[in-house]
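Here is a short report on a protein complex. Look over the sequence and structure first, then read on.

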Amino acid sequence: MNSDLLTILLPTLALTGWALLLLLVDLWIPREHKGITAVLAAAGLAAALGLTLSQGRLPAMTDSTVMVISDGYALFLDVLFLASGLAGVALAHEYLKRANIANGEYYALLLFSVAGMMLMAHAYNLILIFLALELLSIPLYILSGINRPRLESEESALKYFLLGAFSSGFVLYGTALIYGATARTDLPGIFAALQSAPVNPVIFILGAVLLLVGLAYKVSAVPFHMWTPDVYEGAPTPVTGFMAVAVKAAGFAVLGRILMAAFPTVGKDLTPILWALAALTMLVGNLAAITQKSIKRMLAYSSIAHAGYLLMALVPFSNRLVNSDVQASLLFYLVAYALTGLGAWAVVTALEKQNGDGLKLEDYAGLGKSHPWLALAMTVFMLSFTGIPLTLGFWGKFYLFRTAIEGGFTLLAVIGVVTSLISAYYYLRVLMYMYMRAGSPSVERAPWLQVTAVAAALAVVLISFIPNVLLNLAGNSLLLLP
Amino acid sequence: MPSEWIYIGIFSLIALALPAAAILMAGVLGPKKPNPIKNSTYECGIETTGETWVQFRPQYYIFGLLFLIFDVETVFLFPWAVGYRVLPLFAVIEGIVFILILLGGLLYAWRVGALSWQ
Amino acid sequence: MLLSEVSLHDPVFRLAPLVIFLPLAGVILNLLIGRRLGELGAGLIACLAGAGAFAVSAALAFGLKSSPEGAIVLIWRWFQVGNLDLNWSLKVDTLSVTMMLVVSGVGTLIHIYATRYMHSDVRHHHEPGRYTRFFVFFNLFLAAMMVLVSADNFLMLFVGWEGVGLCSYLLIGFWFEGGEGGLGNARAAKKAFVVNRIGDFGLLIAIFIMLGAFGSLEFSRVFAAAPAVTATAPGVVLAITLFMLLGVTGKSAQLPLFVWLPDAMAGPTPVSALIHAATMVTAGVYLVARSQPLFVQAPLAADVVLWVGAITALFAGTIAVGQYDIKKVLAYSTISQLGFMVAAVGMGAVVAGMFHLITHAFFKALLFLAAGSVILALEEADHGHDLQDAQDMRVMGGLRSRLPVTFWTFLIGALALSGLVPLAGFFSKDEILVAAQQKSPAVFIILLAAAFLTAFYMARQVFLVFFGRPRSGAAEHARENPPLITVPLIALALLSIFGGVLNLPGVHTLEHWLEHSLNVTPAKFVLWIALVSLAVLAAAVTLAWLLYGRKPRATAREADPLAARLGGLYRALEARWKVDEFYSWLVVRPFERAAEFLSSIFDLKLINGLGDGLGALVQSLSTAASRIQNGFVRSYTLVFLVGVTAILAYLLLR
């Protein structure tokens, strides 16, 4: 028996168990009282958050079978995932009632997905990474389609599922090739094998690239992003918000861990590929966002663009000198993006109507007059997405570009800055609609959405005054290197 | 290093070429004497009647899926049951947890009405 | 991290952040519940915030008595970029605590005064709802000023510097819909803001150069490194100090950037007293005093400071002679007195400068508040609404018997300002004159002439306002104001009388107090200089009596007796040497024409065209990027595969 394994995974297991129970308990909760399920789900997430925080003092360690790891990096991400899960509950409750999808399964599936994310943060073995990826994805396939009789939702679920399965194949194939080359699936083992044993470089690199491609799909990096706009648009808005923020974070969590813990010696081969992916993702994501008329699609492309920025943080992964900067700026940006994104999606959810209208840019006209607080929050999010000072997004980009430049990738940083400028065009257009066009937008009465939006906006602004606190937190959340 | 990558390229080319060659060869070498019976779709020897694109009740699939899930999962229980005497306590507990999860699934399926034919 | 890591010897220093946070709490409280509390509650909160800050400052001062080396109190680490590590921390030393005491002490008295003054003012303007807003701004100013004086690095000082500038802007434009043509006050606020921005720009450049040359903005580190940097690159410190001087001329209204201060009198009178006389405008003097180690390394810059101050003192003094607006006279007088202080710190007589800063805070605040009391009394007695301008001294007269408390306190303030022994102004001005005499005879003569003008225009003001017969119905029926107005006047009058005690010749309390923070050169008392300055005072008052007191002006229309004697010169004084017109011709009009050109030709044609072209390019790229997005899973898979193939091809071909 492996007690370390249980210790490390305790919050994840507790959350999974709670999700199972919730699935059953919900069967006896009448349809009009699904609020109870939401509260129970939130309680489960909060309890898991408490458990995670109580593990903060554990030393960084792996279990004896080197399946899982517990380190500052994983704990930091756990907190991020659980908080996103809580936001996911807050976003969904009123929306589900409004859209007449009062299915309690939503919450159980959300919890499963969060558990998968936490498992991803802790996974230290390619096999477990694959399992965690599936545990994270399958509930999301269902969640995308949970708005069932609506065609868009079903289409979204099917596309997501098909392409997800396709990419899972790449992850598995990559894992198999890496195993073929090194005879190991645990990350430190792969690292050690690359150092000592003779490894067939062709097979290994091929495996690494396929693994990378599979994960690049998950974080929707160009050219593996094609599913993103369609799936994001079709999925119920709270699910989209959760996907855009948490799934992306989970993908980057595992990408960062694999690159830094197992692959640092093959940076020569992988760095150019990452470089190109990052540059392409930033360019295509930002350019395509410009012509979007639907706010949901625009934010989908924006999430692609942000994946590009996050990839930029990872480009210098093999340079041990900037390693801690890479981690710190990655985690910092994830937090900045999560707060901004969840807030923005909360606003979008608040404006969406029962029949799925209210998602065009024109529907935001006049919001500044009719709902000044909501509009102000949206303004904060758009500015933060653009990276304008006095928002968290600014510091996120600042640290990111600094990391890229310190790692010697100045051109990439320049592309980042230029694309940020381009992005100002479509982010600020939202402000233009809200404040300069006349209109009478209808906003659903949804206190939790507004609480989420305002709290996120406050956090985005307030933390920007003390970026060091967060950066130190991120910088101290070190990933255990073999 | 590049020379080694060349092998991958050669390998892909061969992989493409072989099936292409087989199909081409069949097309080139095979005699072509078509008649209506040869061209008809082969369906267990009996001519199809009506449209082939018909709708099935989705409940067939649900039943099929449920059967498959529990069927496959029972397979896992065999080695556990066989080795029950020599297993450590931890494995026994894990097995029980597994069965409990299965039961939960069954309970769910029953409660949402998936087991009753409508 | 909050309030920890205090490197100190005396636990009382832990209280230091309260000097900022108490006024800030006042701001927040009044913002949240001020309106609901009504005037009494809002005023009380604001006064208590000020008084609390004063109590804390006093406690800090007592702490410094036992451990005069002071402390640095860290509030939080601000940010860390590269090697630059900036903290939000307070410097508690004798210099900063002196400023805190002045700001919070005089500030609190003015707050108390304002509770009554604004009560009438908001009613006079038919906007009773703005009462709370005034005190929110007022407390915000206190907080910003505290940030300025307690900063332990230049960036934090700059934050306070901008903060007080913002409050100044907000308060000058407090009645933004008032003034000439409904825009006058707003224009005055804008002018103050823009002119200050020019100065701030200089200070900002100084900070940038400092960052480049020293790699730090902390006072202690910069000052410690100053000699070394001067040895290797003397021009750097010179550039820093000269750009800093630009900031000083903006904030402390010195030549050439003084033009905003007279216009700033558009704000309510307590604002003029607190911000534009006693505290904010002295920030420049404080900055030079604080940066003394830098100016020591750049004697040329120090000389420039000295001359700017001296010439301003004289120049502004001449203009004050030709003004009829009761507050404008005081405004030019303030500029002139600031010139004295700037000259003093420029010549290295830092203690003298600080001494004059303190005493000036007392009597100039007193003069403004007393002037406010006069204005208020006139406005309230103006039942027929036939007064064009309640600040015009030509419609006053004979108020001595009608406003006795105001008269006596104003007189004390005027005499203290003119330098009558043994009032506060005598000692502080005397110290500056002694230092000037040792530095250069020319400066001494200039400052003496300025002192003559000071005594002259103050005497003229006293005669015009308080003596003779009332020249309007409002002046006829004016009555003394209630105690909330007069008590602060009396308190400030007492301070003006006894303020000299702070640094009496032979005792030099202030000097010994400040020597823990500054390099002081011991001041001397030179009897003949004291006698000369008293003689100048006597001559000026006599001249003023001959012109204005012996045969008082009978009607409001009458021309000034000086006008006939000085002719064109007097008209030039009255028109303020046409400096505003000159600036308008030199800067504003060309700027407007350039802006017109840039907007209509350069921007609309060229930049817009360029922007449209780029926009069109990006748009078409964007359309192309979303065209592949056709909704079919099969094409998505194809793109996916193309991506994989491209990566493999790259690996194959590299």
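## Confidence

In chain C, confidence is lowest in strand S1 (residues 71–81), at a mean pLDDT of 78. Confidence is highest in helix H16 (residues 404–418) of chain C, at 93. pLDDT is the predictor's confidence in each residue, from 0 to 100. Helices (H or I, at least four residues) and strands (E, at least two) are DSSP runs, numbered from the N terminus. Over residues 1–7 of chain C the pLDDT is below 50. Beyond near neighbours in sequence, that stretch has 15 contacts in the model. Two residues are in contact if their C-beta atoms, placed from the backbone, lie within 7 Å. Where pLDDT is low, the predicted coordinates should not be read in detail.

The mean for chain C is 87, and 98% of its residues reach 70 or more. The complex gets an ipTM of 0.89 and a pTM of 0.67 from the predictor.

## How the model is read

This is a predicted model: local features need pLDDT of at least 70, side-chain atom pairs count only at pLDDT 80 or more, and totals for chains, interfaces and linings use all residues. Residues are numbered from 1 along each chain as its sequence is written, while chains are lettered from A and ligands numbered from 1 in the order in which they are written.

## Where chains A and C meet

Chain A brings 23 residues to the contact, and chain C brings 23 residues. On the chain A side, H11(A) gives the most, with five residues.

## A helix in chain C

Helix H4 (residues 154–172) of chain C has 19 residues. Of these 19, 15 are buried (20 or more other C-beta atoms within 10 Å of their own, C-beta atoms being placed from the backbone), so H4(C) is largely enclosed by the rest of the structure.

Terms used: Expected span 1.5 Å × (residues − 1). Buried ≥ 20, exposed ≤ 12 C-beta atoms within 10 Å, placed from the backbone.
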